Amino acid sequence: MSDTSKKRSLAYDGETNIHTNFKKNMTYGDYLQLDSILSSQNRLSNHHDEMLFIITHQVSELWMKLILHETKSAIESIEQDDLSTAFKRLARVSKTQTQIIQAWDVLSTLTPSEYMEFRDSLGQASGFQSYQYRMIEFALGYKTPHVLKIYEKDPELHQQLTTAFHAPGLYDVAIKKLAREGFVIDEEVVNRDFAKPYDGNESVRKAWLEVYENVDKYWDLYELAEKLVDIEDWLQQWRFRHMKTVERIIGFKKGTGGSSGVNYLKRVLDHRFFPELWDIRTEI
């Protein structure tokens with residue numbers, strides 16, 4: 001190659017200051033630890049489509065990590081009465097949820113016949129065991145104590161989940177914010193046991209109804225409520241796409257983790273995280 005050709009090859013379409021010597025400097029791949037990430041797709045079968053299955057779930061777990069990161073920050077911000085920061089975090093959660101939903105569209109290209117070629121390789125491993133998904137449920141107030149047993153194999157992880165199980169969730173801190181703003185909220189709600197599922201409360205319903213009927217007066221609380229509705233809406237859409245993808249691929253077979261599969265996924269669609277925010281829509 002001539003000197004002129006070499007110069008052209010390093011110009012990168014007119015860019016003459018591109019860094020090319022990384023013997024002592026960090027590269028893009030170093031920063032993202034791509035060697036570790038891209039070497040973690042280890043198929044247990046020789047089937048071509050197992051790669052699709054692994055990557056789809058790994059990518060979803062990465063998005064879940066971001067959702068947890070942003071939700072934790074939003075909870076802390078609401079507790080500190082910093083709603084503007086909380087709104088930014090919660091908006092990002094909603095956008096991230098759309099990415100996870102779209103992941104099901106990719107996985108649904110897997111046909112029943114293709115999946116059955118490697119399904120046995122999974123053993124009893126199942127998305128049902130996703131501890132990050134459980135952490136998201138806990139953060140949104142859905143507490144089911146029996147799932148903690150799944151994680152006893154790892155004491156450190158089990159303790160992390162147990163701590164999250166007993167901590168106030170996103171809706172709990174939103175209700176406490178209502179109380180700090182002068183709304184009359186029943187004491188048993190404000191100081192409740194956060195490990196127990198929240199079923200709704202009349203004083204909370206009245207408070208949110210007043211917010212929605214006086215939007216200009218309570219604009220920040222109104223915006224907080226709508227951010228919460230966004231998150232529940234997207235989560236339920238994720239659950240629905242999960243259920244339909246499972247039905248499309250395995251029908252009504254039992255899940256590898258022992259659940260009833262589609263029947264279980266249909267039941268959880270009926271759960272509501274922020275009940276009063278949905279109930280008042282009929283009254284407004």
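**Close-up views of the nonpolar core and aromatic contacts**

**View 1. Y171 is a buried residue.** In this predicted model, Y171 has a relative accessibility of 3% and so counts as buried, the limit being under 20%. F274 is buried too, with a relative accessible area of 0%.

**View 2. The rings of Y171 and F274 form a tilted pair.** Their centres are 5.0 Å apart. The planes meet at 45 degrees, so the pair counts as tilted. Y171 belongs to helix α9 (residues 170-180). F274 sits in the loop between α13 (262-268) and α14 (275-283). The pair thus links parts of the chain 103 residues apart. Both rings belong to one aromatic cluster, together with Y142, Y198 and F273.

**View 3. The largest nonpolar core contains 72 residues.** L170, Y171, I185, W208 and L277 have the most contacts inside it. Helix α12 (residues 219-250) supplies the largest share, 12 residues. Beyond its neighbours within four places in sequence, L277 touches Y171, W208, Y212, A225, L228 and V229.

**View 4. F53 and F118 pair edge-to-face.** The whole structure holds 14 aromatic pairs. In this one, the ring centres are 5.7 Å apart and the planes stand at 70 degrees, so the pair is edge-to-face. F53 lies in helix α4 (residues 50-79), and F118 in the loop between α6 (112-116) and α7 (131-139). The pair therefore ties together parts 65 residues apart in sequence. Both residues are buried.

Terms used. Residues numbered from 1 in each chain as written. Predicted model: local features only at pLDDT ≥ 70, side-chain atom pairs only at ≥ 80, totals over all residues. Heavy atoms only, no water. Core = buried A, V, L, I, M, F, W, Y, C linked by side-chain atoms within 4.5 Å. Buried < 20%, exposed > 50% of the residue type's maximum accessible area, 1.4 Å probe, protein only. Helix = DSSP H or I, 4+ residues; strand = E, 2+ residues; numbered from the N terminus. Contact = heavy atoms within 4.5 Å. Phe/Tyr/Trp six-rings, centres within 6.5 Å; stacked < 30°, edge-to-face > 60°.
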